[in-house]
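Subject: Handing over a structure

Dear colleague,

Please look at the structure first and then read on.

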Amino acid sequence: MGYKVAVCSGKGGTGKTTVAVSLFSTIQNKWTKNVQLIDCDVEEPNDLLFFKNAKIINRSIVNQAVPVIDESKCTFCRKCEEFCEFNAISIIPSVKYIAVDPNMCHSCGACLYACRQEAIAEKKYSIGELTEYTIGMKTDILEGSLTIGSPMQTRIIKDLKNRANEEADILIYDAPPGTSCPVIETVSEADYVLLVTEPTPFGLYDLRLTVNLMNEMQKPFGIVVNKAGLGDREVYDYITNEEIDLLAEIPFNRNYASQYAQGKLLADIPPIIEQEYLKLAIYLKNRIQYD
Ligand code: SF4
Ligand code: SF4
């Protein structure tokens, strides 16, 4: 079974994608081709931008089944509302009003079971897509993308995880930014979590939130400081005081940053940066043996 590493950050803009993509690339070049990158940032997937030669090998639509109510058969008895644990159904019998909120519905089917009038049917809506790409050998990238406006991020992430290659030596999950449900869903089955931060007051604020979340979830984690050399020492003081593992410091490099902007992140990596990713890859390789 593949070892699962989630790459997280408390906020956007810390370089989480840079770390996930560069780590994946380093592992692929220096350790094993049997590695999978899974882009779980489904609202804004962009890992693919850095792999110009990637070819699609599979694409599928993710549907959500939502109840549709035939008001001509409905007696407004409220049974379906009682059965719905997610408060997705609203009924006002006095004015013969009944509605399902697709954003609240979890497609559990309980309301269909509850209705004795056969007034409820299911309709499928597309909430996103899963796409699998290959970049050669056994190496591939899995990407989830959410239909614009759909709130079903966690559902797409669940499907991504179900589709992950369990035979891979290691799987890298690029998590959405933040500390809300989609992050929890991404991290829930991870064997190890890399928290990416930057040495600024904003970075520290969000790092504290993510560290608290990891502790609550009882996940082993370590920290990668991105843009090292900018900002101040507060993040380092926090890491030392909390006795958290500082696994790598990716130095800020203006030329490298402009490569990112042009989608050329993986070309001409400065040795000083490459060595930090190598250090991370070796740490994870050792951890797999230890775990
Ligand atoms: S259970 Fe059926 S009949 Fe009763 S309110 Fe719901 S849809 Fe209408
Ligand atoms: S399918 Fe489940 S969650 Fe959706 S409206 Fe019916 S009971 Fe509620």
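Helices and strands are DSSP runs numbered from the N terminus, a helix being H or I over at least four residues and a strand being E over at least two.

Before going further, please keep in mind that this is a predicted model, in which local features need pLDDT of at least 70 and side-chain atom pairs count only at pLDDT 80 or more, while totals for chains, interfaces and linings use all residues. Residues are numbered from 1 along each chain as its sequence is written, and chains are lettered from A and ligands numbered from 1 in the order in which they are written.

In a regular strand the side chains alternate between the two faces of the sheet. In β8 both faces are covered, with I170, I172 and D174 buried on one side and L171 and Y173 buried on the other. Strand β1 (residues 3–8) runs parallel to β8 and is joined to it by 5 bridges, and within this pairing A6 has Y173 as its bridge partner. Strand β2 (residues 35–39) is also parallel to β8 and is likewise joined to it by 5 bridges, with Q36 partnered by L171. Two strands are taken to pair if DSSP finds at least two bridges between them.

Y173 is also in contact with K4, V5, A6, V7, I38, C40, T186 and A190, once its neighbours within four places in sequence are left aside; a contact means that two C-beta atoms, placed from the backbone, lie within 7 Å. The largest nonpolar core has 58 residues, and V7, I172 and Y173 touch the most other members. Helix α1 (residues 16–30) supplies the largest share of this core, 6 residues. A second, separate core of 8 residues includes C84, A88, A119 and I120. By a nonpolar core I mean a set of buried Ala, Val, Leu, Ile, Met, Phe, Trp, Tyr and Cys residues joined through C-beta atoms within 7 Å.

As for the overall plan, the protein has 9 helices and 11 strands, and 38% of its 291 residues count as buried. The protein is divided into domain 1 (3–62 + 127–290) and domain 2 (71–118), bounds that come from an automatic or database domain assignment. The C-alpha centres of domain 1 and domain 2 lie 41 Å apart, and the C-alpha trace of the protein spans about 70 × 45 × 40 Å along its principal axes.

Ligand 1 is surrounded by 15 residues, of which C74, C77, K79, C80 and C115 are the closest, and its shell has 11 nonpolar, 2 polar and 2 charged residues. Around ligand 2 there are 14 residues, with C84, A88, C105, C108 and C111 nearest, and this shell divides into 11 nonpolar, 3 polar and no charged. A residue is counted as near a ligand if its C-beta atom, placed from the backbone, lies within 6 Å of it. Ala, Val, Leu, Ile, Met, Phe, Trp, Tyr, Cys and Pro count as nonpolar, Asp, Glu, Lys and Arg as charged, and the others, Gly among them, as polar.

C77 lies in the loop between β3 and α2 and is partly exposed, with 15 other C-beta atoms within 10 Å. R78 has its place in the loop between β3 (55–69) and α2 (79–83), and its phi is near 75°, a positive value in a residue other than glycine. N87, in the loop between α2 and β4 (89–92), has a positive phi near 50°, and with 10 C-beta neighbours inside 10 Å N87 counts as exposed.

Finally, the buried residues of helix α4 (residues 153–163) include I156, I157 and L160, and the buried residues of α4 pack against β2, β3, β6 (120–134), β7 (140–146) and α5 (181–187).

With best wishes

Note on methods. A residue is buried if 20 or more other C-beta atoms lie within 10 Å of its own, exposed if 12 or fewer, and partly exposed in between; C-beta atoms are placed from the backbone.
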